[in-house]
Amino acid sequence: MNIILLGPPGAGKGTQAGMLVEKRGMVQLSTGDMLRAARTSGTAMGKRVADVMDRGELVTDEIVIGLIDEALDGAAASGGVIFDGFPRTLAQADALDELLSGKGLSLDAVIELRVDDEALVERITGRYSCGACGAAYHERSKPTKVEGVCDACGSSELNRRADDNEESLRQRLMEYYKKTSPLVGYYHAKGKLRSVDGLALMGDVEAAIAAALEG
Ligand code: AP5
Ligand code: MG
């Protein structure tokens, strides 16, 4: 099963993708994670996109389509692919259609995580993660058990994302409403859209997604 998780910054795409990976053996393809990895490893592309990402703007369609094209080959053999944060423009959605059909794959469902902007500010400004193993936390809804120490691997390298500040978040939201939200109508018209309440408790969102994938 191949699915897209669609929603604004902080909607819970990464959180829910992680749960699907754990429970269903699916593979998560997050263009945000891929771009951050390119920055950390210091590739020319990583350097080119750094400022754009920190300002909260979208990087070019060409770059992210290339990343997905490359990653899909390895992921296709798994129990299914979760596209997290891709596509984000209509051009990316068309490219994904082509990529999938070129590889003999198809898209089963698009899960829209519905949230409101106020909750997003609180989620994004409280978020941090482990620099060593990538485990994700939140100051209020999911803190580490011992302050400053990762539950999963014991590292004390806990970081915040450079774009998790109010100014970049405002820009990320603007980009979402202008360029990404038209995908809701696009996938609705294709009969693929399933909307769930992203403001519910994490486990309830997980259950709603499971029900949507069965229906
Ligand atoms: P990306 O990394 O995709 O960021 P984003 O879309 O802004 O989304 P986030 O990762 O911030 O949020 P999320 O929905 O994953 O939420 P999470 O689960 O972490 O992209 C970053 C940048 O890369 C972009 O701005 C752009 O520059 C570039 N980029 C990436 N893809 C691109 C593309 N396709 N085209 C062009 N540019 C691209 O949850 C957030 C917090 O809330 C966490 O702390 C979590 O613990 C908490 N939380 C989650 N669910 C719940 C819940 N149910 N209840 C309470 N708390 C919750
Ligand atoms: Mg994410």
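This is a predicted model: local features need pLDDT of at least 70, side-chain atom pairs count only at pLDDT 80 or more; totals for chains, interfaces and linings use all residues.

Visitor: Which of the 35 residues around ligand 1 come nearest?

Guide: Those that come nearest are Thr 15, Glu 57, Arg 88, Arg 127 and Arg 172.

Visitor: Which helix supplies the largest share of the shell around ligand 1?

Guide: Helix H2 does, with four residues. At least two shell residues come from each of H1 (13-24), H2 (31-40), H6 (117-125), strand E6 (136-138) and H9 (202-214).

Visitor: What lies 2.5 Å from an oxygen atom of ligand 1?

Guide: A polar contact is a pair of N or O atoms within 3.5 Å. In this case, a polar side-chain atom of Arg 88 is found at 2.5 Å from a ligand 1 oxygen. Arg 172 likewise places a polar side-chain atom 2.7 Å from an oxygen atom of ligand 1. For Ala 200, a backbone N or O atom lies 2.8 Å from a nitrogen atom of the ligand. Of the 1,100 Å² of accessible area that ligand 1 has on its own, the protein covers 94%.

Visitor: At what angle do the axes of H6 and H7 cross?

Guide: Angles of 65 to 115 degrees count as roughly perpendicular and those over 145 as roughly antiparallel. The axes of H6 and H7 (residues 166-180) come within 11 Å and cross at roughly 135°, and the two helices are therefore oblique to each other. The crossing of H6 past H7 is right-handed.

Visitor: Which peptide bond is cis?

Guide: Most peptide bonds are trans. The bond from Phe 86 to Pro 87 is cis, with omega near -5°. Pro 87 sits in the loop between strand E3 (81-84) and helix H5 (90-102).

Methods
Residues are numbered from 1 along each chain as its sequence is written. Chains are lettered from A and ligands numbered from 1 in the order in which they are written. Side-chain values use heavy atoms; hydrogens and water are left out. A residue is near a molecule or strand if one of its heavy atoms lies within 4 Å of it. A polar contact is a pair of N or O atoms within 3.5 Å; within protein, one must be able to donate a hydrogen and the other to accept it, and residues adjacent in sequence count only if both atoms are side-chain atoms. Accessible areas come from the Shrake-Rupley method with a 1.4 Å probe; for residues, only the protein chains shown count as cover. Axes are lines fitted to C-alpha atoms, for helices over the stretch in contact, and angles run from 0 to 180 degrees between N-to-C directions. Angles under 35 degrees count as roughly parallel, over 145 as roughly antiparallel, 65 to 115 as roughly perpendicular and the rest as oblique. A crossing is left-handed if the near helix is turned anticlockwise from the far one by less than a right angle, and right-handed if clockwise.
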